[in-house]
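Good morning. Please bring up the chain on your screens, and I will talk through it from the whole down to single residues.

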Amino acid sequence: MVTQSLSRSAVQAPATADWLSLYRRTLWVSDAIVVIAVMFATQYAWFTLTGEPVSRPVDSIEPITYTWLSMALITGWLVALSISGSRSARTVGIGTLEYRKVISSTVYLFAALAIVSYLLSAPISRGYLLLAFPLGTALLLANRALWRRRLWSARRAGQAMSRVLVIGDDGESARIISELERTPEAGYHVVGIAGPGRRADFTSAGLDVPFLGPVRDVDRMLERTGADTVIVASDAALGVEQVRKISWQLEAGRQHLIMVPSLTDIGGPRMHTRPVAGLPLMHVETPRYSGRQRVVKRTFDILGSAALLLVLAPLFAVLALLVKASGPGDVFYRQERIGKEGVPFGMIKFRSMIPDADAQLAGLLAGQGTEGTPLFKVENDPRITPIGRILRKYSLDEFPQLINVLKGDMSLVGPRPQRRAEVEYYDSAAERRLIVKPGMSGLWQVSGRSALGWDEALRLDLYYVENWTLLGDISILFRTFKAVVAPGETAH
């Protein structure tokens with residue numbers, strides 16, 4: 001009943017300035033419900049299982065029972081989630097930072113408990129802690145994911161959005177607006193554009209957003225549009241003093257100023273701001289993979305691919321029989337692809353095409369006029385078998401690549417491997433795709449699949465390559481699972 005009430009209030013609230021505070025309160029209440037349920041359920045389940053009193057005293061601290069300890073952990077957990085900023089305006093709604101803060105808050109809380117337990121020589125039941133820690137973390141993450149989905153649904157319907165005034169030139173404003181409109185989940189709705197100078201012919205490259213004139217009186221523009229956020233593009237040709245005056249005109253706590261740097265597609269882990277003599281210097285780290293990162297990614301690949309091969313073995317057998325019954329040809333299709341640092345390898349798939357499919361590729365690409373591009377996609381491909389069309393729609397033909405991952409040719413997540421003929425069209429930017437192992441799934445696969453062109457797919461792949469994190473891989477895998485279960489119209 002409480003959950004249903006929270007759902008209605010958090011999702012159906014109008015797009016007003018207080019939507020964020022309402023959403024944060026909703027997160028606080030739902031976090032509290034999860035933490036309370038986890039701690040007391042863990043206490044009851046563990047001590048019932050071991051045959052001990054549910055509220056027995058903690059060893060060496062006779063007056064304190066496990067009920068009091070559970071209450072202390074509940075309080076500490078909620079305080080840690082608040083202090084870490086896991087519900088702050090810059091954290092909730094999109095990206096992995098919210099999840100990282102939830103995980104770090106939980107880790108720090110239980111680490112602090114372990115230290116206190118050691119210093120006081122008060123051993124706490126290991127089973128009680130080992131059950132509460134992973135269960136609480138998993139349920140908190142699931143709770144945040146569910147509320148995020150509800151928030152995204154509301155934003156796609158035009159609710160819970162920040163109203164944005166964009167300041168910039170034609171091209172940069174168009175880029176910002178198109179990106180924000182393509183990702184409504186970010187929560188920004190552009191209601192007006194302002195530009196430097198007096199150009200009456202200012203346009204937004206065909207985007208239906210009103211132009212408010214040159215930047216003079218931001219207060220008047222905010223009042224006219226009802227905007228609560230000002231986004232200043234890097235090429236807006238505004239002086240330092242003008243940007244400072246804009247920030248002074250904004251109402252603290254209600255209106256916000258966002259600067260868009262000229263360095264695009266660089267993730268937060270690589271960017272650090274360091275104030276020096278009053279100058280906010282932005283440090284951008286060169287993308288590189290340390291030995292520790294490589295070990296972590298490879299370990300994740302081995303464990304993940306081995307577990308999936310074991311779990312999916314029965315499905316493999318069924319798919320193999322279906323492919324065999326679909327017509328002449330081998331069950332598995334092996335094709336040379338280019339891997340890390342340009343090294344070729346044999347990629348394995350379930351066969352989804354007729355036996356002489358490769359011989360027909362050049363003619364089909366020439367027929368549709370795409371033979372000179374580094375993305376060999378054939379529209380309405382006649383080579384695909386009926387069973388193959390189903391396998392491709394649900395990405396079932398890709399499953400044997402788990403063997404490639406286990407062998408070390410591929411990774412679970414990374415840029416998709418391409419043919420040698422496609423790689424020959426690479427420019428210097430595209431070659432950066434090859435500094436990591438290719439993946440079974442990648443950022444562009446879960447961001448549009450076949451609907452994306454080469455330029456957009458390359459941009460997403462380069463973003464992944466230059467901003468890799470393990471949590472990012474896990475997020476992509478979850479999105480991949482969703483894309484496989486509900487592939488939509490862009491999968492073929």
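The protein chain has 16 helices and 13 strands. Keep in mind that this is a predicted model. The chain runs to 492 residues, and 44% of them are buried. Its exposed surface comes to about 25,600 Å², with carbon and sulfur atoms supplying 62% of that area. Now take the contacts between residues with a separation of 6 or more: 70% of these join residues 24 or more positions apart.

Next, the interior. As a general point, nonpolar side chains in soluble globular proteins tend to be buried together. Here the largest nonpolar core contains 28 residues. Which residues have the most contacts inside it? They are Phe-350 and Tyr-464. Several elements supply at least two residues each to this core: helices α10 (313-325), α13 (401-407) and α15 (454-466), and strands β11 (344-350) and β12 (411-413). There is also a second, separate core, of 23 residues. Among its members are Ala-32, Val-58, Phe-110 and Ile-124.

Now a pair of helices. Two packed helices are described by the angle between their axes and the distance between the axes. For α3 (residues 66-83) and α5 (residues 126-156), the angle is about 35° and the axes are 13 Å apart. The crossing of α3 and α5 is right-handed. On the α3 side, the residues that meet α5 are Tyr-66, Leu-69, Ser-70, Leu-73, Trp-77 and Leu-81. On the α5 side they are Tyr-128, Ala-132, Gly-136, Thr-137 and Leu-140. How many residues of this contact are nonpolar, polar or charged? The contact of α3 with α5 has 8 nonpolar residues, 3 polar and no charged.

Ala-37 has a relative accessibility of 43%, so it counts as partly exposed. From Ala-37 to Ile-74 is 37 residues in sequence, and their C-alpha atoms are 9.5 Å apart in space.

Val-92 is in the loop between α3 and α4 (97-119). Is Val-92 buried or exposed? Its relative accessibility is 7%, so Val-92 counts as buried. Leaving out neighbours within four places in sequence, Val-92 has contacts with Leu-20, Tyr-23, Leu-27, Ser-86, Arg-87 and Glu-98. Between Val-92 and Arg-24 there are 68 residues along the chain, yet their C-alpha atoms are separated by 8.5 Å.

Thr-229 belongs to strand β6 (residues 229-232). Thr-229 is buried because its relative accessible area is 2%, under the 20% limit. Again setting aside neighbours within four places, Thr-229 is in contact with Ser-162, Arg-163, Val-164, Leu-165, Tyr-188, His-256 and Ile-258.

Last, two residues with positive phi. Glu-341 has a phi near 60°, a positive value in a residue other than glycine. Ser-395 is not a glycine either, and its phi is positive at about 60°. Where are they? Glu-341 is in the loop between β10 (332-338) and β11, and Ser-395 is in the loop between α12 (386-393) and α13. Glu-341 has a relative accessible area of 64%, so it is exposed. Ser-395 has a relative accessible area of 15%, so it is buried.

That is the end of my list. Thank you.

How values were computed
Residues are numbered from 1 along each chain as its sequence is written. This is a predicted model: local features need pLDDT of at least 70, side-chain atom pairs count only at pLDDT 80 or more; totals for chains, interfaces and linings use all residues. Side-chain values use heavy atoms; hydrogens and water are left out. Helices (H or I, at least four residues) and strands (E, at least two) are DSSP runs, numbered from the N terminus. Buried means under 20% relative accessible area, exposed over 50%, partly exposed in between (1.4 Å probe, protein chains only). Contact means heavy atoms within 4.5 Å. Accessible areas come from the Shrake-Rupley method with a 1.4 Å probe; for residues, only the protein chains shown count as cover. A nonpolar core is a set of buried Ala, Val, Leu, Ile, Met, Phe, Trp, Tyr and Cys residues joined through side-chain atoms within 4.5 Å. Axes are lines fitted to C-alpha atoms, for helices over the stretch in contact, and angles run from 0 to 180 degrees between N-to-C directions. A crossing is left-handed if the near helix is turned anticlockwise from the far one by less than a right angle, and right-handed if clockwise. Ala, Val, Leu, Ile, Met, Phe, Trp, Tyr, Cys and Pro count as nonpolar, Asp, Glu, Lys and Arg as charged, and the others, Gly among them, as polar.
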